[in-house]
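Biologist: Could you take me through the aromatic contacts and the sheet in this one? I would like to go topic by topic.

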Amino acid sequence: MSAAPLLSAHGIAKRFGGLQALSDIDFTINRGEIYGLIGPNGAGKTSLFNVLTGIYDADTGEFTFDGLPLLGLKPHEVAARGIARTFQNIRLFANLSALENVMIGRHVRTRAGVFGAIVRDAKTRAEERSIEKRAYELLAYVGISERANDLAKHLPYGDQRRLEIARALATEPKLLALDEPAAGMNATETAGLRRLLENIRRDGTTILLIEHDMKLVMSVCDRVLVLDYGKKIAEGSAADVQKDANVIAAYLGGEVTLDLKGAA
């Protein structure tokens, strides 16, 4: 891993009226890590994601991503900088095919302008073919290539989650931020998701993971940040965090067995 972190957060705070959603949050994510973000409901996890990805502005604090300041950017500008995200509630284009959903994800990396789209010159047509080819490759990568022409709304729940990941990967992110990707999955689907996350990391993309499935978090994450009531209460390796008294009291409710090997 590079000595310089991919993402650094310093003093991030966000208030909604009388609710202090985030208070002075500091953390770093190293290149090539799978970095977990956990905490009870209402702890501020999704708020932190939303500030990071430009949906909300932080009240105070700063993010540095890949050596450059990140705050003040709109969501599409954050995506162009190299951060892609999924959402806790699936946000696919339900009446478009799986293939079309992934192709839409490529828009931040396309070069054809309005003129090219209107006249459909040779360069634009070649780019469209390249986008379609890459979309097929990503569907195969996440394991749903056989559903390429199915409408997103007709896919099983687990496949919809995989499709969201494929669409996010279509932006060629340096950091992939996943908001509860295992929500609603059965044990077999979760095991498959774990293998996919490990493959994504192996192929060079850093991952930030919000997840309530503690077995998944403890088995796949290199380090974990724990929030409670908008405050950072622990950060460290999965092995250290699961033994932290504050974490056990605030969230886990007891010791969670660490299984770094896990079930395949």
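**Aromatic and sheet contacts**

Modeller: Let me begin with a charge over a ring: R91 lies over the face of F87, with 4.0 Å to the ring centre. Please keep in mind that this is a predicted model.

Biologist: Which other residue lies over the face of F87?

Modeller: R85 does, at 4.0 Å from the centre of the F87 ring.

Biologist: How many aromatic pairs does a search of the whole structure find?

Modeller: The search finds 3 aromatic pairs. In one of them, the ring centres of F16 and Y56 are 5.0 Å apart and the planes stand at 70°, so this pair is edge-to-face. The angle is over 60 degrees, which is the cut-off for that class.

Biologist: Which parts of the chain does that pair link?

Modeller: It links distant parts: F16 belongs to strand β1 (residues 7–16), whereas Y56 sits in the loop between α1 (45–52) and β4 (60–65). The two residues are 40 residues apart.

Biologist: Is F16 buried, exposed or partly exposed? And what about Y56?

Modeller: F16 has a relative accessibility of 33% and therefore counts as partly exposed. Y56 is also partly exposed, because its relative accessible area is 30%. Another pair is formed by F27 and F63, whose ring centres are 6.5 Å apart with planes at 70°, so that pair is edge-to-face.

Biologist: Where do F27 and F63 lie in the chain?

Modeller: F27 is in strand β2 (residues 19–29) and F63 is in strand β4. They are 36 residues apart, and the pair again links distant parts of the chain.

Biologist: Why does F27 count as buried? And F63?

Modeller: The relative accessible area of F27 is 4%, and that of F63 is 1%. Both residues count as buried because the limit is under 20%.

Biologist: Which residue joins F27 and F63 in a cluster?

Modeller: Y35 does; ring pairs link F27, Y35 and F63.

Biologist: Turning to the sheet, in what order do its strands run?

Modeller: The order is β2-β1-β4-β5, an open sheet of 4 strands with antiparallel pairing. Its edge strands are β2 and β5 (68–69), each of which pairs on one side only.

Biologist: How many bridges join β1 to β2?

Modeller: There are 7 bridges between these antiparallel strands. A9 stands opposite F27 in β2, and this is the F27 that pairs with F63.

Biologist: Which helix lies across β1, β2 and β4?

Modeller: That is α1, which runs at about 70° to β2.

Biologist: A change of topic: where does H154 lie, and is H154 buried or exposed?

Modeller: H154 is in the loop between α5 (122–142) and α6 (157–169). With a relative accessible area of 52%, H154 is exposed. The C-alpha atoms of H154 and A94 are separated by 8.1 Å, although the two residues are 60 residues apart along the chain.

Biologist: And the chain as a whole: how many helices and strands are there?

Modeller: The protein chain has 10 helices and 10 strands. It consists of 264 residues, of which 48% count as buried.

Biologist: What share of the contacts comes from residues 24 or more positions apart?

Modeller: Such residues account for 67% of the contacts with a separation of 6 or more.

Key
Residues numbered from 1 in each chain as written. Predicted model: local features only at pLDDT ≥ 70, side-chain atom pairs only at ≥ 80, totals over all residues. Heavy atoms only, no water. Phe/Tyr/Trp six-rings, centres within 6.5 Å; stacked < 30°, edge-to-face > 60°. Buried < 20%, exposed > 50% of the residue type's maximum accessible area, 1.4 Å probe, protein only. Lys NZ or Arg CZ within 6 Å of the ring centre and 35° of its normal. Pairing = 2+ DSSP bridges. Contact = heavy atoms within 4.5 Å. Axes fitted to C-alpha atoms, helices over the stretch in contact; angles between N-to-C directions.
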